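Reader: I would like a close look at a single part of this structure, with the terms spelled out as you go. Please take your time over it.

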Amino acid sequence: MKLVIHSKNIEITDAIREYVHQKIEKAASHFQSITNEVDVHLSVARNPRINTRQAAEVTIYANGSVIRAEESSENLYASIDLVADKIARQLRKYKERRQDQKTHTQPTEVVVVESVVTDLIGDRTPELPNEVVRTKYFSMPPMTLAEALEQLQLVGHDFYMFRNSETGEINVIYERNHGGYGVIHPRNGNGHTNGKNGKSSHTNIVMPEKLHSK
């Protein structure tokens, strides 16, 4: 299992490196058969008004899936402990879900309802950084909406970008403020998307209860 440590605003000492290897490798020790690579990102916020300044983020690449966990506290070692426990739980859920899928031969049903969207922000206030502070690169194999939803739940974000296996387009699946999930589709240059006469390129997704719950 390959483990890579990155840092921001902090020097990775031998003691920190050894502690990360000890905790993260232990957390993933029962899942090495499905774990290809582990990326650990340690950072310290420069803002002294932030109490939980020291953060630890773990991203695991497991057989084409991405599993992510992040924790922060006043102490870096405590953050590493917290994120190790969290990623272990995420890995266990991932493995159980894979085993459960193997025992059920019936395909997952996805019900898609078309709707027109005028506001994707809702009552939230948009806050954008002054500059790009981090860049990530991911492989993007084609997947279904159901598979993309599973990835969204594994990475712990409120959105997930993926390549739709049915259309070949790049889509974004996200959690809606009032429950459920939505999908954003690209609009073609002619003002249409997939021949839908220029309707807003958005769908609501109603998933089976088993996938919908977290």
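Reader: Which residues in the largest nonpolar core touch the most other members?

Author: This is a predicted model, in which local features need pLDDT of at least 70 and side-chain atom pairs count only at pLDDT 80 or more, while totals for chains, interfaces and linings use all residues. Residues are numbered from 1 along each chain as its sequence is written, and side-chain values use heavy atoms, with hydrogens and water left out.

The largest nonpolar core has 29 residues, and those touching the most other members are Val20, Ile24, Val40, Leu42, Val58, Ile60 and Ile67. A nonpolar core here is a set of buried Ala, Val, Leu, Ile, Met, Phe, Trp, Tyr and Cys residues joined through side-chain atoms within 4.5 Å; buried means under 20% relative accessible area, exposed over 50%, and partly exposed in between, with a 1.4 Å probe and protein chains only. At least two residues of this core come from each of E1, H1, E2, E3, E4 and H2, where helices (H or I, at least four residues) and strands (E, at least two) are DSSP runs numbered from the N terminus. The most is given by H2, with eight residues. Apart from this core lies another, of twelve residues, which include Leu145, Leu149, Leu152 and Tyr181.

Ile60, leaving aside its neighbours within four places in sequence, is in contact (heavy atoms within 4.5 Å) with Thr35, Glu37, Val38, Ser65, Val66, Ile67, Ile87 and Leu91.

The four strands form an open sheet of mixed pairing, in the order E1-E2-E3-E4, two strands being paired if DSSP finds at least two bridges between them. Strand E1 (2–8) and strand E4 (65–73) are the edge strands, each pairing on one side only. E1 runs parallel to strand E2 (residues 37–44), to which seven bridges join it, and Leu42 in E2 is the bridge partner of Ser7. Helix H1 (residues 14–27) packs on the sheet, where it touches E1, E2 and strand E3 (54–62), and its direction makes about 130° with that of E1; axes are lines fitted to C-alpha atoms, for helices over the stretch in contact, and angles run from 0 to 180 degrees between N-to-C directions.

In the loop between E1 and H1 is Asn9, which has a positive phi of about 60° although it is not a glycine; at 35% relative accessibility, Asn9 counts as partly exposed.
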